[in-house]
Amino acid sequence: MLLALDTSTAAVTAAVHSGAPAVEEAAGVPGEVLAVRTVVDARAAGEQLAPVVEQALAEAGVGVDEVTDVVVGTGPGPFTGLRVGIATARVLALTSGARLHGVCSLDALAAAAREAGGVAADEPLLVATDARRKEVYWAHYASGLQRVAGPEVGRAADLPAALRALPVVGAGAGLYPEEFTGRRVGAGPDVDAAALARLAVDHPECLTGTEPLYLRRPDSQTPGQRKRVLL
């Protein structure tokens, strides 16, 4: 029984998956997303995540002690949002005894775009999410989930024109439509925990540790020593 959660984009999202990979489904072993809960509130991940997780578990009829694996999106994403999601996943895994895994959140968006059918499995794909400061987090996929560049952060206009012309998924495409000239694909601009869960189950090669992909320093900084203004 797998619990997936992500707070790397504007969506605070959690899903429960029964855990059987696609290869076992073909043999008649059921495997499916049992429940998913999502709240779009980029500024309140700390307040929203615990209720979202509780609601997903309750809808699935699964207790925390029944969870065998916890998967969390590791970003890239804003400092505070990522910290909330990863810290929550670590606590849940510690208290339940579940195995803990990370997945690059951009991989989950790429997988969702492939699932939605808007881009062929062998077609190149660009993922671009909102990094604020007029920048995007991005990654380039050659085919399937084969990531050949990224994740990186930068201004959309600074990406090579050939990348900006690729089919694109993520909020960045909507924020900077004049820069991303390729067609938009995917089911939505934000990470969906259901897609994250399916990715973790069907593509275990994408699993990583839970070190957050901040890619840059947080907006808030520890104040330095005060300057003296009196001579």
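**Helix α2**

I began with helix α2, which runs over residues 45-60; helices here are DSSP runs of H or I with at least four residues, strands are runs of E with at least two, and both are numbered from the N terminus. Its 16 residues reach 22 Å from first C-alpha to last, close to the 22 Å expected at 1.5 Å a residue. That expected span is 1.5 Å times one less than the number of residues.

The model is a predicted one, in which local features need pLDDT of at least 70 and side-chain atom pairs count only at pLDDT 80 or more, while totals for chains, interfaces and linings use all residues. Residues are numbered from 1 along each chain as its sequence is written, and side-chain values use heavy atoms, with hydrogens and water left out.

I then looked up which residues of α2 are buried, and found A45, L49, V52, V53, A56, L57 and A60. Buried means under 20% relative accessible area, exposed over 50%, and partly exposed in between, with a 1.4 Å probe and protein chains only. These buried residues fall within an arc of 125° seen down the axis, so they line one face of α2; the arc is that of the directions from the helix axis to the C-beta atoms. On the face turned away from them I noted the exposed residues E47, E54 and A58.

What covers the buried side? I found that the cover includes β1 (2-6), β2 (11-17), β3 (33-40) and α3, where contact means heavy atoms within 4.5 Å. Just after α2, G61 has a positive phi of about 70°.

**Aromatic pair**

I found one aromatic pair in the structure. The ring centres of F79 and Y214 are 4.6 Å apart and the planes stand at 35°, so the pair is tilted. Rings of Phe, Tyr and Trp (its six-membered ring) pair if their centres lie within 6.5 Å; planes under 30 degrees apart count as stacked, over 60 as edge-to-face and the rest as tilted. F79 lies in α3 (79-96) and Y214 in the segment after α7 (193-202), so the pair ties together parts 135 residues apart in sequence. I list F79 as partly exposed at 27%, and Y214 likewise as partly exposed at 21%.

**Backbone notes**

I noted a cis peptide bond between G75 and P76, with omega about 10°; P76 sits in the loop between β4 (69-73) and α3. The bond from G150 to P151 is cis as well, with omega near 5°, and P151 is in strand β8 (147-154).

R133, not a glycine, has a positive phi of about 55°.
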